[in-house]
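I opened my notebook to look up aromatic rings and nonpolar cores. Here is what I wrote down.

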Amino acid sequence: RRATVPSLQHPRASTASLTGHALRWQLLLVMSRFIPVGQKRLTNVTVVRYKRCGKRFEVACYKNTVIAWRNKIETDIDEVLHAHTIYENVDKGVLARREDLLEAFGTDDEDVICVEILNKGEFQVSEQERQMQLESLTKDVASRVADMCLNPQTQLPYPLATIERYMRETLHFAPNASRSAKQQALQVVKQLQASGAIPIVRAKMHLRLLVPTKAKEEALQRLSSLTADGGEKVLLLEPNVDSGDGANVEFGDRAGESGGGGGGDGDGN
């Protein structure tokens, strides 16, 4: 049986006589007239915005890549940008004008401008990206604590997993994105020491200083202020002597030296 559907091309076709299926097609035909044909809408992107010379410039990036780019984890810009294109408004698909680029950046090289916008622009961090950033910061803090501390009973450093467990279960550590990992690591060390949940002390550093002979006394005084526990002080002297005279030189001020004498390379610890 042939369906009696009025032609959609007839401008005076009565909508009352149309079937439900044909009516839907008529509606889609009308709506299509309002969809711009040449406009490309970008979805599921992170927009980085940068204002300069009173004008706004934007680039479209893949999700969860901008922070990795700024932390130098991701170095391939093609893995960050949707396209090497500068927009005036990404949401509306409006491109930045060439004269605006020249006025604001002094160049119309979009590759160069994209890098500057990526490095200096502002962007809205997604919840997933924020969570990844905080997890990375927490691991960085724990790694720094493990590097700078040890168990005073064994004189060995704690495993990273142990530090992370105590930070989570004892301190209920919550990372602060506005503070550096080093600052937070120092705070965690003090909190762990105050809690008494784990025996932990700061590891001692071994310093090796090269000073001119005339600054020997000043160097010793400064070292004394650093080694409050009476630790051994080693002063390395490296005078300039004529070739062949090194064998006759003895370094009496070099404590703990296994063999005094020139001829060596001066790299003793």
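I checked burial first. Tyr50 is buried, and Phe105 is buried too. I keep in mind that this model is predicted.

Next I looked up the ring pairs. I found two aromatic pairs in the structure. In one of them, the ring centres of Tyr50 and Phe105 are 6.2 Å apart. Their planes meet at 35°, so I noted the pair as tilted. A tilted pair falls between the stacked limit, under 30 degrees, and the edge-to-face limit, over 60.

Then I asked where the two residues sit. Tyr50 is in strand 1 (residues 46-52) and Phe105 is in helix 3 (residues 98-105), so the pair ties together parts 55 residues apart in sequence.

I turned to Phe57 and Phe105. Their ring centres are 5.1 Å apart and their planes stand at 65°, so this pair is edge-to-face. Phe57 belongs to strand 2 (residues 55-61) and Phe105 to helix 3, 48 residues apart. Both of these residues are buried. I put Tyr50, Phe57 and Phe105 down as one aromatic cluster.

Last, I looked at the cores. The largest nonpolar core holds 22 residues. Ile86 and Ile117 have the most contacts inside it. Which element gives the most residues to this core? Helix 4 does, with four.

I also listed partners of Ile86, leaving aside neighbours within four places in sequence. Among them are Phe57, Leu101, Ile113 and Ile117. A second, separate core has 18 residues, including Leu137 and Val188.

Definitions and conventions
Residues numbered from 1 in each chain as written. Predicted model: local features only at pLDDT ≥ 70, side-chain atom pairs only at ≥ 80, totals over all residues. Heavy atoms only, no water. Phe/Tyr/Trp six-rings, centres within 6.5 Å; stacked < 30°, edge-to-face > 60°. Helix = DSSP H or I, 4+ residues; strand = E, 2+ residues; numbered from the N terminus. Buried < 20%, exposed > 50% of the residue type's maximum accessible area, 1.4 Å probe, protein only. Core = buried A, V, L, I, M, F, W, Y, C linked by side-chain atoms within 4.5 Å. Contact = heavy atoms within 4.5 Å.
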